[in-house]
Amino acid sequence: LGLAHLGAMRAVRPRTVARRRGLSTWSKVVPAQVAVRTLNPIRRIVDRMSAKPPEGKALIPLSLGDPTVYGNFKVPDHVLSVMDRELASYKINGYGHSCGTDEARESVARRFGTQRHPLTKEDVVLASGCSQALDLVFKVLAEPFVHNVVLPRPGFSIYATILHAMGVECRFYDLIPDEGWVCDVSHMESLCDDKTAAILINNPSNPCGSVFPRQHVVEIVRLCSKKRIPLISDEIYADMAFRGHEFVSAAEVSEDVPILVVGGLAKQYMVPGWRIGWVCVHDRNNVFSEVRNGLHDLSTLTIHPATPMQALVKPLLEDTPASYYSQVMDQLEANMNVFKSGIADAPGLKFLTPQGAMYGMIQVDPAVLGVEDEVEFAKELLKEEAVFVLPGSCFQIPNFVRIVVTPPREVLEDAAQRITTFCKRRVA
């Protein structure tokens with residue numbers, strides 16, 4: 001089920017006048033086309049998996065990218081007292097600048113600017129989570145029914161959901177599984193034309209858990225320079241790399257390519273519900289001067305994220321001890337290794353070792369396991385073993401499933417054992 005074909009699944013109805021003066025009865029009110037075009041593939045695919053877990057087995061949700069579910073990952077302790085103090089001050093209850101408070105934007109600028117190309121608060125627009133930040137960058141760069149945007153496959157489904165709703169064409173370049181999910185840059189280039197508004201990369205990656213080597217980031221930026229196409233870099237998992245891997249922001253290696261980097265607090269600080277994201281405008285040669293102004297204008301539609309949450313941006317970005325970051329990454333990497341070891345003997349599965357973030361991809365061999373595809377695999381696994389994994393079709397890649405490695409060690413051990421038992425039962 002490709003995202004490119006989802007539009008055909010729902011008939012696009014012409015807009016009709018729902019109410020006419022003088023009519024004695026109401027006629028049906030139809031939604032606007034932007035609502036009709038809003039299609040989230042995860043919901044549709046998961047609906048195919050309508051299966052109830054067996055009684056007596058607790059559900060293990062390895063499908064949800066929320067690190068707070070089990071309470072084993074927590075926000076840095078020091079921010080709790082800051083929250084109490086700020087709330088008691090009564091100074092964070094009102095409106096602020098539509099792009100966000102000066103303090104929060106200045107802190108983001110200091111943290112994510114580079115030595116050669118520093119940022120100011122004018123280069124930062126806060127948003128209600130990284131999802132809204134993506135909405136802002138797509139709207140500021142892509143003209144509906146004119147432009148296309150080049151996206152990763154597999155990739156986070158919200159990209160295409162937003163663009164389809166806008167009426168912008170999505171073109172998908174492949175990531176290469178056996179090479180650590182790096183981008184097929186030749187394929188990426190082949191999709192670009194004079195209507196390409198932007199190329200998007202996601203590093204570190206959801207769903208793949210990949211972390212691009214520096215030279216690969218350089219290669220992508222060089223392509224953007226060659227084609228004179230702006231880059232959107234989704235870096236919500238910035239700095240979340242396992243041992244032996246280094247996160248490199250696209251902004252670090254760009255000398256002439258203008259880049260919009262989106263990020264937020266959600267994942268690194270384990271607070272997805274706080275809904276603090278941002279867009280950083282990494283301009284080069286003043287190419288993005290009007291884009292920067294456009295982002296400021298778009299921010300007036302929603303008038304900044306919640307002010308109390310903005311007050312915690314600076315304390316998190318600037319006062320969090322180094323030990324917090326290392327502890328989080330050590331725990332995530334240990335969890336990944338526990339799960340990897342646990343399914344090593346599962347027939348019909350191949351776990352592609354992630355390099356960072358909080359996800360992993362498992363390749364499913366339908367022929368070995370006697371299933372039609374990875375959606376049926378996930379459905380039967382849920383029905384028989386109460387383990388919920390997300391089918392790769394949600395991310396445009398069939399015969400893979402995505403898992404999260406944020407549950408506690410003992411939960412991951414149990415999940416891996418159930419998956420292995422399920423697979424061995426299928427091939428017996």
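Ala346 touches Thr420 and Cys423, not counting residues up to four places away in sequence; contact here means heavy atoms within 4.5 Å. This is a predicted model, in which local features need pLDDT of at least 70, side-chain atom pairs count only at pLDDT 80 or more, and totals for chains, interfaces and linings use all residues. Residues are numbered from 1 along each chain as its sequence is written, and side-chain values use heavy atoms, with hydrogens and water left out.

Ala346 sits in the loop between helix H12 (322-342) and strand S10 (349-352). Helices (H or I, at least four residues) and strands (E, at least two) are DSSP runs, numbered from the N terminus. Ala346 counts as buried because its relative accessibility is 5%. Buried means under 20% relative accessible area, exposed over 50%, and partly exposed in between (1.4 Å probe, protein chains only). Ala51 is 295 residues from Ala346 in sequence, and their C-alpha atoms are 22 Å apart.

Now the sheet. It is open, with 8 strands in the order S2-S9-S8-S7-S6-S3-S4-S5 and mixed pairing. Its edge strands, S2 (124-127) and S5 (182-183), each pair on one side only. Two strands pair if DSSP finds at least two bridges between them. Strands S7 (residues 231-234) and S8 (residues 259-264) run parallel, joined by 4 bridges. Within that pair, Ile232 faces Leu260 of S8. Helix H5 (residues 129-141) packs on the sheet. H5 touches S2, S3 (148-153), S6 (196-202), S7, S8 and S9 (277-282). The direction of H5 makes about 165° with that of S8. Axes are lines fitted to C-alpha atoms, for helices over the stretch in contact, and angles run from 0 to 180 degrees between N-to-C directions.

Strand S4 (residues 169-176) holds Arg171. Arg171 counts as buried because its relative accessibility is 19%. A polar atom of its side chain lies 2.7 Å from the backbone oxygen of Leu191. Beyond its neighbours within four places in sequence, Arg171 contacts Asn148, Val149, Val150, Leu151, Leu191 and Asp193.

Lys267 lies in the loop between S8 and S9. Lys267 is buried yet has no salt bridge, that is, a side-chain nitrogen of Lys or Arg within 4 Å of a carboxyl oxygen of Asp or Glu. The nearest side chain of opposite charge, Asp66, is 6.6 Å away. Lys and Arg count as positive and Asp and Glu as negative; His and the chain ends are not counted. Leaving aside neighbours within four places in sequence, Lys267 is in contact with Gly65, Ile236, Tyr237, Met240, Met358 and Tyr359.

Technical notes
A polar contact is a pair of N or O atoms within 3.5 Å; within protein, one must be able to donate a hydrogen and the other to accept it, and residues adjacent in sequence count only if both atoms are side-chain atoms.
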